[in-house]
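This report describes charged side chains and their partners. Please keep the sequence and the 3D view at hand while reading.

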Amino acid sequence: MDRRTIPREPGTPTPSGVKLIFELTNRCNFSCVHCIREEDGPYHDLPVAIVNKVLTEMQAYQPVRLVAFTGGEPTLHPQFADVVELVTTYGSRVTFVTNGWNFPQTFAKIQGWKSALESISLSLDGASEVTHDTLRRQPGSFRRLMQAVSLCHMHGVPVQLNMVVTRANRDELEAMAILAGRLGCAALGYGHCQPTPDALAANLVLNGRERREVEMEIAALQQLLTMPIVLAGDHSTASRFAQCPQLQMQEFNIDYRGNLTACCTLSNYRGGTSDTDVLADLHSVSFVEAHRRLIAKIAQLNLEKLERLVSCAPTEAEQFLCTHCLVHYQKVPQLVQILESPSHRSVVPIEEASHARA
Amino acid sequence: MLAPETVLHPHPSLVFTRLDDTESVLLHLDTKRYYTLNETGTRIWELLQQGRSAQAIIQGLLDNYAVTDEEAMPLLLAFVDELQQEGLVQPTAHRG
């Protein structure tokens, strides 16, 4: 028996280039209330040919440093190992997010390309077994995920733990950081629970003030620990024209239907009623043309933002990167009212609050 | 010395994961320590998980490996000693 010390993963230099995000499937073996993706079918798996087409067409004019697979649960894609292998033939690094439920079987299929794995993102929504299993509505999921952590640790594959911060786990931020560090994880990512109708109904979504408090707590943890800690995606910003990596065109999101979309968060958004974020069907449109449409969309978004700022101050929802676009793209029209209602806003004018109570 | 009827219980905070056909890893959720088990250790651990007695584990080793009865007991004793030192098994219980 050999007791191992826990190594910290050294940072490794990586070549420059963009990040491609492929939603490999909209199927999932979990049913988490706080998930941003639409749960109901019909179910689709992204054709491998689309992945190949995008890589070929994009590599022709800019290098792809990293390919990320999301979903749904991307490892449920029937050709998951083939897609991983395909990406390695282009010389790109690979990462994917998973709930870890079937990880031993998944890893066995892709082990041959583990040197191409930048990291594996494991979705862990609580530092304690009961918190995670309750949020994930899947008894045993914490321990299955710990099996995934163990396998990666022993095979030298960097792990990033990802935690969606909800009202049910926001008291476990520090415990999560300590857990990730002691498990020898390479990084830890936090993300705000997005205001889907289901997550709001379950009272899991924090309001603006609470989210800012979470961000300050995360900033303090970043100062304390040497392990990289990130707040992924949505966050508050004082900048009126802050741009996420998608809007900076450092990252590109292709949904499970084969569309280039303007946003990785809004894609297949739960409760969404429109496809206003969809730019091009890559089955029939070249990636270059889709990229042109993205550039036009970003310009249009910024112009509309400017015009709106000229006419009124940004609302609280608009002061967060992802919720700004959620409102802008009208993905779930009724959410706009909810996000600006006194019960969800952190600062409510006195007269408005009195009126609401009355 | 282990009594033949002794049953050792894996600590409830341990997560067992097979690495391949031979090796495995234990993660202790309380201490966050990893422990690797070789082929024999993995086999013994799986028998422990099944609630087998020391006598049954020795029989399992005799059935699967080219060891004699005299060799199997010290092997098991040494392994159990390490498990106990690391707090990986609960206090022993005896089948009534």
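A:Glu57 is partly exposed, its relative accessible area being 23%. Here buried means under 20% relative accessible area, exposed over 50%, and partly exposed in between (1.4 Å probe, protein chains only). A:Lys53 is also partly exposed, at 21%.

A:Glu57 and A:Lys53 form a salt bridge, with the closest N and O atoms 3.5 Å apart; the term denotes a side-chain nitrogen of Lys or Arg within 4 Å of a carboxyl oxygen of Asp or Glu. Both residues belong to helix α1 (residues 48-59) of chain A and are 4 residues apart, about one turn of the helix. Helices (H or I, at least four residues) and strands (E, at least two) are DSSP runs, numbered from the N terminus.

## Basis of the model

The model is predicted: local features need pLDDT of at least 70, side-chain atom pairs count only at pLDDT 80 or more, and totals for chains, interfaces and linings use all residues. Residues are numbered from 1 along each chain as its sequence is written, and side-chain values use heavy atoms, without hydrogens and water.

## Other salt bridges

A salt bridge joins A:Arg257 and A:Asp275 at 3.3 Å, N to O. This pair links distant parts of the chain, 18 residues apart. A:Arg257 is partly exposed at 28%, and A:Asp275 is partly exposed at 44%.

Over all chains, the structure holds 23 salt bridges.

A:Asp133, in helix α4 (residues 129-136) of chain A, is buried yet has no salt bridge. Its side chain reaches the backbone nitrogen of A:Phe142 at 2.8 Å.

Note on methods: Chains lettered and ligands numbered in written order. Lys, Arg positive; Asp, Glu negative; His and termini not counted. Polar contact = N/O pair within 3.5 Å; in protein donor to acceptor, adjacent residues only side chain to side chain.
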